[in-house]
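Please look over the sequence and the model, then read the points below by topic.

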Amino acid sequence: MWKLLQIELYKIFKRPRTYIAFGTIASLIMIVQFGLKLDGKEYVDFMLSTIPGFELGGNVLNGYLVCYITLMMLLINVPLLVTIISADMISGEANIGTLRFLLAKPYSRAQLIIAKFLATVIYTFLLLVWLALFALLLNMLLFGVSDMVIFKSSYIVVIKSNDVFWRYLGAFGFAFIAMTTVAAVGFLLSIFAENSIGPIVGTMSIIVFFTVISTLNIPLYSAIKPYLFVTHMNNWKEFFDEKVDLNNSTISGTIQNPQRIINSVLVLLGHTVGLLAVAVFIFKRKDVLS
Amino acid sequence: MFLLLGFSTFADAQDMAPLVNKLKAKLDQVNDYQATGVLKTDIAFIKAPVSRVKVYFKKPNRFRLVKDGGISILPKGGLSVTLNNVIDLGNFVALAAGDATVDGFAVKIVKVLPGDDANDLVLATLYIDEKNLLVRKANITTRENGTYDIGLTYGKFSSYGLADKVVFSFNTKNYKLPKGVTLEFDDEAKTTDAEKLKNKKGRVEISYDNYVINKGFDDNIFK
């Protein structure tokens, strides 16, 4: 099994297209960094204009806030970068005619599917580590570290600088679970196709479709929203909200709604396991002709 | 007839300028100070931690609050409206508006109106402890930043007229954050503890633990 996983990882990282995702993330982050470094004051002034009568003191546009802004923009696009690889895992082999040869190896189909999925998960993990390196660590170096101010829909949260880093670890961990679910969707669809275009477009269509449903405030759809994985994908933001005491002062080390994070993790993991189980079930019965 | 009667009543109102000037003389002992303390912010739509702050003041009215390595969100101009701004007016009218008790201290209520119409200060009501020559409470209305209540509690620096604890209160119900400033579009069901506090008065409290008075410091701190 370990050997199989090594082979799959070798195949992923041998392909030039794998590095497109890493390059895209690095360049997008650097564009955001460049813009905010040169014109960040305008952005902060715009944020402040929403609370006339108040003034902010200190290094508002620090590495922690820039990372948050970057993630808000980027995590919408990362599913596409994950799908490029996950949706190609089976369909890519079918396309070049190597799937039959692969099945001739002394491994069960379930082992093969699980190894391929694990390789996808490792790719997703490395992509998020890369994202964390550029979005968090590089921003910390470039913009410095200070308290973090987040403008929520109806309130502002100020988190002490020594209380932020672990929240990012949590947020990236959460994003990894969410992206693994996206990878599982692409992976399942790749079983049905003989080239990767269909599964990639199919996965992105599913994400867009369910995202639209989850953002519509129509009672009919409200009942199904909690069960859609896309509803939970953005809940990494919950790490950046704190409980307050009776004096409305934040309590360091707390999360406003930890249960919301736990629920989302359970829904996402449930989807991932379910989708993988379906993938194994179908692939074991699939008549492989290519 | 009524006009004359009104004028006569106004003229009879006790002129409190001597008391205010005595207070000014006491505060004038302080040319500058640096103070350290703890800042607590209790504003309905702001969730902020309790934090340590440094406060810098130089005559006549330069004031700066710096949060130790952090970020502060404070009412604009509010905290810098010190008693010096009020008392240093030069041209003002101070009228007696009765007697009261604040925190167990007998006080004179004094209405201070600037003589200059262009002054940012519109009206200040000072609750002056005549015996100790201290302002125990103030209500200040400015053109730019609305009305503030300031509560002052004194301790070991009372001889300089410097408070150990200053509480600023102001109305926050008119403030509302527009959605989408940082691309946040939470649904309405996500109410928070902070939202439950809506319509409450905003309150910023600074508890000072030390003052360094008249030792001088670099002016760059105000830049």
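A residue counts as buried when its relative accessible area is under 20%, as exposed when it is over 50%, and as partly exposed in between. By that rule Glu238(A), at 7% relative accessibility, is buried. The model is predicted.

**Salt bridges**

- Over all chains, the count of salt bridges comes to 21.
- One of them joins the side chains of Glu238(A) and Arg260(A), with N and O 3.2 Å apart.
- Glu238(A) is in the loop between H11 and H12 of chain A and Arg260(A) is in helix H12 (residues 258-285) of chain A, so this pair ties together parts that are 22 residues apart in sequence.
- Arg260(A) has a relative accessible area of 24% and is therefore partly exposed, whereas Glu238(A) is buried at 7%.
- In chain B, Lys58(B) and Asp219(B) form a salt bridge whose closest N and O atoms are 2.5 Å apart.
- This pair links distant parts of the chain, 161 residues apart: Lys58(B) belongs to strand E3 (residues 51-58) of chain B, and Asp219(B) to the segment after strand E12 (201-213) of chain B.
- Lys58(B) counts as buried at 14% relative accessibility, while Asp219(B) counts as partly exposed at 31%.
- Asp99(B) and Lys108(B) also meet through their side chains in a salt bridge, at 3.1 Å from N to O.
- Asp99(B) is exposed, with 57% relative accessibility, and Lys108(B) is partly exposed, with 23%.
- In general, side chains of opposite charge can pair when their charged atoms come close.

**A buried lysine in chain A**

- Lys116(A) is placed in helix H7 (residues 109-143) of chain A.
- Is Lys116(A) buried or exposed? Its relative accessible area is 1%, so Lys116(A) is buried.
- The side chains of Lys116(A) and Glu8(A) make a polar contact at 2.8 Å.
- A network of salt bridges links Lys116(A) with Glu8(A), Lys11(A) and Glu93(A).
- Neighbours within four places in sequence aside, the residues in contact with Lys116(A) are Glu8(A), Lys11(A), Met89(A), Ile90(A), Glu93(A), Leu102(A) and Phe187(A).

**The largest nonpolar core**

- The largest nonpolar core has 149 residues, and those touching the most other members are Leu131(A), Tyr168(A), Phe240(A) and Tyr33(B).
- Helix H7(A) gives the most to this core, with 17 residues.
- Phe240(A) has contacts beyond four places in sequence that include Tyr68(A), Met148(A), Ile150(A), Val157(A), Ile159(A), Tyr168(A) and Ala171(A).

**Helix H9 of chain A**

- Helix H9 (residues 197-215) of chain A has 19 residues and reaches 27 Å from its first C-alpha to its last, close to the 27 Å expected at 1.5 Å a residue.
- Which residues of H9(A) are buried? They are Pro199(A), Ile200(A), Thr203(A), Met204(A), Ile207(A), Ile213(A) and Ser214(A).
- An α-helix has 3.6 residues a turn, so residues three or four places apart point the same way.

- An open sheet of three strands runs in the order E2(A)-E3(A)-E2(B), with mixed pairing.
- Strand E2 (148-151) of chain A and strand E2 (46-47) of chain B are the edge strands, and each pairs on one side only.
- Four bridges join E2(A) to strand E3 (residues 156-159) of chain A in the antiparallel sense.
- Val149(A) has Val158(A) as its bridge partner in E3(A).

- Strand E9 (residues 134-142) of chain B pairs with strand E10 (residues 146-154) of chain B over six bridges, in the antiparallel sense.
- E9(B) and E10(B) make a hairpin, with three residues between them.
- Asn139(B) has Asp149(B) as its bridge partner in E10(B).
- E10(B) also runs antiparallel to strand E11 (residues 163-171) of chain B, to which six bridges join it.
- Gly151(B) has Val167(B) as its bridge partner in E11(B).

Conventions
Residues are numbered from 1 along each chain as its sequence is written. Chains are lettered from A and ligands numbered from 1 in the order in which they are written. This is a predicted model: local features need pLDDT of at least 70, side-chain atom pairs count only at pLDDT 80 or more; totals for chains, interfaces and linings use all residues. Side-chain values use heavy atoms; hydrogens and water are left out. Two strands pair if DSSP finds at least two bridges between them. Helices (H or I, at least four residues) and strands (E, at least two) are DSSP runs, numbered from the N terminus. Buried means under 20% relative accessible area, exposed over 50%, partly exposed in between (1.4 Å probe, protein chains only). A polar contact is a pair of N or O atoms within 3.5 Å; within protein, one must be able to donate a hydrogen and the other to accept it, and residues adjacent in sequence count only if both atoms are side-chain atoms. Contact means heavy atoms within 4.5 Å. The expected span of a helix is 1.5 Å times one less than its number of residues. A nonpolar core is a set of buried Ala, Val, Leu, Ile, Met, Phe, Trp, Tyr and Cys residues joined through side-chain atoms within 4.5 Å. A salt bridge is a side-chain nitrogen of Lys or Arg within 4 Å of a carboxyl oxygen of Asp or Glu.
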